[in-house]
Amino acid sequence: MKSLPFNIRTKLFISYSFAFLFILIVFGLGIYFFVKLTIEKNIESELEQSTNILLNMVESTTEVSLKNYLRATAEKNLEIARYYHHLAGQGELSEDEAKRQVAEIFLHQHIGESGYIYIINSRGVLQAHPKTSLVGADISSYDFVETQKRRKNGYLIYDWKNPGEEAERGKALYMSYFKPWDWIISVSSYRSEFRQLVKLEEFRDKILSLTFGKTGYSYVIDL
């Protein structure tokens with residue numbers, strides 16, 4: 001009978017020990033999974049942030065390349081209009097003939113894969129367009145045309161859907177205003193058609209400089 005209290009104490013000690021050990025294990029596992037989840041979220045957040053940096057870098061490089069290309073084309077054609085306007089002023093051509101020849105030069109140019117040059121006046125009426133049936137049409141109802149009428153010069157991006165297409169696609173244009181003829185010369189094309197303008201060398205070093213930990217790195221692949 002004297003050994004009974006010892007047995008009870010031993011059993012209580014063992015029971016409490018197992019209970020305490022169980023609590024420690026559960027608590028430890030909770031901390032482990034919490035820390036693991038926190039680390040994974042931090043890693044995912046850092047990777048997502050770095051990927052967005054890469055994406056913004058590529059997008060901005062593409063946008064600058066496209067804008068410069070369209071601007072150079074618009075300014076070149078503005079000079080053509082000025083030249084023919086000068087010829088008309090010298091009496092070598094009538095003004096109507098000068099306009100006709102300039103419009104013909106514009107319409108024979110290819111911008112990207114399917115882009116083109118068109119002309120509207122400050123009222124939004126088409127003066128030249130690859131689809132001759134549209135010449136003389138008032139297209140002021142389109143939001144981007146209203147922007148053109150207001151600004152007359154500069155870069156503009158907008159979404160456009162041709163008849164028969166299911167979804168809109170991003171377009172870009174650069175416009176230059178020729179005041180003597182009230183022409184807004186517009187060079188327009190789908191933005192997706194200018195991937196070839198992007199030179200990887202322009203941002204290769206920036207991409208390769210982004211590293212993660214000891215062995216992580218950045219890379220870019222195409223579709």
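In what order do the elements of the chain run from the N terminus on? They go α-α-β-β-α-β-β-β-α-β-β, which comes to 4 helices and 7 strands. Helices here are DSSP runs of H or I with at least four residues, strands are E runs of at least two, and both are numbered from the N terminus. Keep in mind that this is a predicted model, where local features need pLDDT of at least 70, side-chain atom pairs count only at pLDDT 80 or more, and totals for chains, interfaces and linings use all residues. Numbering starts from 1 along each chain as its sequence is written, and side-chain values use heavy atoms, with hydrogens and water left out.

**Overall shape**
- Along the principal axes, the C-alpha atoms fill a box of roughly 135 × 40 × 30 Å.
- Buried residues (under 20% relative accessible area, with exposed over 50%, partly exposed in between, 1.4 Å probe, protein chains only) make up 30% of the 223 residues.
- Of the contacts (heavy atoms within 4.5 Å) with a separation of 6 or more, 53% come from residues 24 or more positions apart.

**Largest pocket**
- A pocket is an open set of points on a 1 Å grid over the protein atoms alone, where a 1.4 Å probe fits, with protein on both sides within 12 Å along at least five of seven lines; lining residues have an atom within 4 Å of a point.
- The largest pocket has a volume of about 830 Å³, meaning the space filled by probe spheres set on the points, which are joined across faces, edges and corners.
- Its lining has 25 residues, with Leu 55, Val 58, Glu 59, Thr 62 and Val 220 nearest the centre.
- Helix H1 (residues 4–89) gives the most to that lining, with 11 residues.

**Second largest pocket**
- The second largest pocket holds about 480 Å³ of space.
- It is lined by 17 residues, and Tyr 116, His 129, Leu 134, Trp 160 and Asn 162 are the closest to its centre.
- Strand S1 (116–120) and strand S3 (154–160) are the elements that give two or more residues to this lining.

**Arg 169**
- Arg 169 sits in strand S4 (residues 169–178) and is partly exposed, at 34% relative accessible area.
- Leaving aside neighbours within four places in sequence, Arg 169 is in contact with Tyr 158, Asp 159, Trp 160, Asn 162 and Tyr 190.
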